[in-house]
Amino acid sequence: MKSHKLAVINDLSGYGRCSLAVAIPVISALGVQACAVPTSILSNHTGFPKEYKFDFTDHMSPYMDAWQELGLEFDGIVTGYMNDPAQVDAAAAFIEAFRSSETTVFVDPAMADHGKLYRGFTPAYAEYIKDKLIRHATVIKPNITEACILSGYDYDEVMSTVGDHTMRRLKSHLINIVEKLRELGPSDIVITGVDRGERILNTLADENGVKFISVKKTGANRPGTGDIFSSIVAASLIQGLGLEHAVRKACEFIAASISVSEEAGIPVNEGVMFEKVLSKLCCTFDQIDSVKKRN
Ligand code: PXL
């Protein structure tokens with residue numbers, strides 16, 4: 001039985017259920033070893049009025065040197081939120097040092113949402129992520145805002161078509177965006193978060209072409225759901241699942257996590273009560289093998 005390993009480059013936010021705090025349990029539940037590469041250590045995520053932050057960037061290089069000296073190898077690498085060019089450099093150096101032709105490199109270019117770059121991020125930083133990180137990726141998972149920034153598409157123009165009943169114009173925009181993103185290097189692309197009111201449209205592209213998956217919205221978007229999505233898809237891909245299957249699994253788990261959080265009435269800042277549904281993700285290795293055969 002193969003023991004799969006996924007290196008997870010992300011911050012550790014102690015409170016608020018995001019980044020490594022959700023990635024490690026979710027990846028472990030899927031039967032994959034989560035090997036953390038912390039970028040920063042925070043008391044809580046940045047959605048709270050204040051936080052304490054210890055920047056780990058300067059330690060990332062000696063940290064990965066130790067792993068190299070030990071001869072460690074990974075089936076996949078997944079990257080998450082970063083907040084300065086030095087962290088992007090460190091992540092790119094990690095990928096260059098540890099990737100082989102077999103490695104799945106999953107990049108979440110977390111930098112923008114709702115048509116705007118996150119506070120403190122500049123267009124130059126977005127270009128930096130594009131040049132330094134996206135070109136290393138085998139799979140990228142931008143939301144629709146990030147996909148527009150990376151492909152040079154106008155967000156407002158794309159979003160002006162979301163209300164169309166047939167989705168013909170929207171789908172045509174998304175197909176064009178996917179083509180542009182592919183020119184940057186990644187072979188597989190998942191564009192998340194096209195909000196159509198009651199439903200969310202996800203676009204995925206792999207060697208089988210472009211596919212659209214529409215999922216029912218079960219509540220407000222919450223911090224950490226992007227990290228859960230990346231964790232499930234990356235861990236599933238290195239276990240041999242196809243992209244569509246992996247994305248559907250992630251969507252179902254996130255929908256269930258949001259539902260229990262809404263039912264419990266916890267504040268949005270506390271993320272999702274994924275602990276309550278984590279057992280749905282746990283499966284025996286036999287089940288993993290049978291899923292792979294059906295794929
Ligand atoms: O889940 C995204 C995320 C990761 N890390 C930090 C964050 C956030 C979102 O707010 O603040 C520190």
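Trainee: Why is histidine 114 called exposed?

Mentor: Its relative accessible area is 63%, and exposed means over 50%, buried under 20% and partly exposed in between, using a 1.4 Å probe and protein chains only. Histidine 114 is therefore exposed. Histidine 114 sits in the loop between strand E6 (112–113) and strand E7 (116–117), where helices (H or I, at least four residues) and strands (E, at least two) are DSSP runs numbered from the N terminus. Phi of histidine 114 is near 50 degrees, a positive value in a residue other than glycine.

Trainee: What kind of model is this, and how are residues numbered?

Mentor: This is a predicted model, in which local features need pLDDT of at least 70, side-chain atom pairs count only at pLDDT 80 or more, and totals for chains, interfaces and linings use all residues. Residues are numbered from 1 along each chain as its sequence is written, and side-chain values use heavy atoms, with hydrogens and water left out.

Trainee: Is serine 19 buried or exposed?

Mentor: Serine 19 has 1% relative accessibility, so serine 19 counts as buried. Serine 19 belongs to the loop between E1 and helix H1 (20–29), and has a positive phi of about 45 degrees although it is not a glycine.

Trainee: What makes serine 19 one of the residues around the ligand?

Mentor: A residue is near a molecule or strand if one of its heavy atoms lies within 4 Å of it. The residues around the ligand include Asp11, Ser19, Thr46 and Asp227. By class, this shell has three nonpolar, five polar and two charged residues. In that scheme Ala, Val, Leu, Ile, Met, Phe, Trp, Tyr, Cys and Pro count as nonpolar, Asp, Glu, Lys and Arg as charged, and the others, Gly among them, as polar.

Trainee: Which ligand atom lies 2.6 Å from a polar side-chain atom of aspartate 11?

Mentor: A nitrogen atom of the ligand does. Taken alone the ligand exposes 320 Å², and the protein buries 81% of that.

Trainee: Why is the link between lysine 141 and aspartate 108 called a polar contact?

Mentor: The side chains of lysine 141 and aspartate 108 are joined at 3.4 Å. A polar contact is a pair of N or O atoms within 3.5 Å; within protein, one must be able to donate a hydrogen and the other to accept it, and residues adjacent in sequence count only if both atoms are side-chain atoms. Lysine 141 has a relative accessible area of 6%, so lysine 141 is buried.

Trainee: Where is glutamine 239, and what does its side chain reach?

Mentor: Glutamine 239 is in the loop between H8 and helix H9 (243–264). Its side chain reaches the backbone oxygen of leucine 30 at 2.9 Å. At 4% relative accessibility, glutamine 239 is therefore buried.

Trainee: Why is leucine 201 called buried?

Mentor: Leucine 201 has 2% relative accessibility, so leucine 201 counts as buried. Strand E10 (residues 199–206) contains leucine 201. The C-alpha atoms of leucine 201 and lysine 171, 30 residues apart along the chain, are separated by 9.9 Å.

Technical notes. Accessible areas come from the Shrake-Rupley method with a 1.4 Å probe; for residues, only the protein chains shown count as cover.
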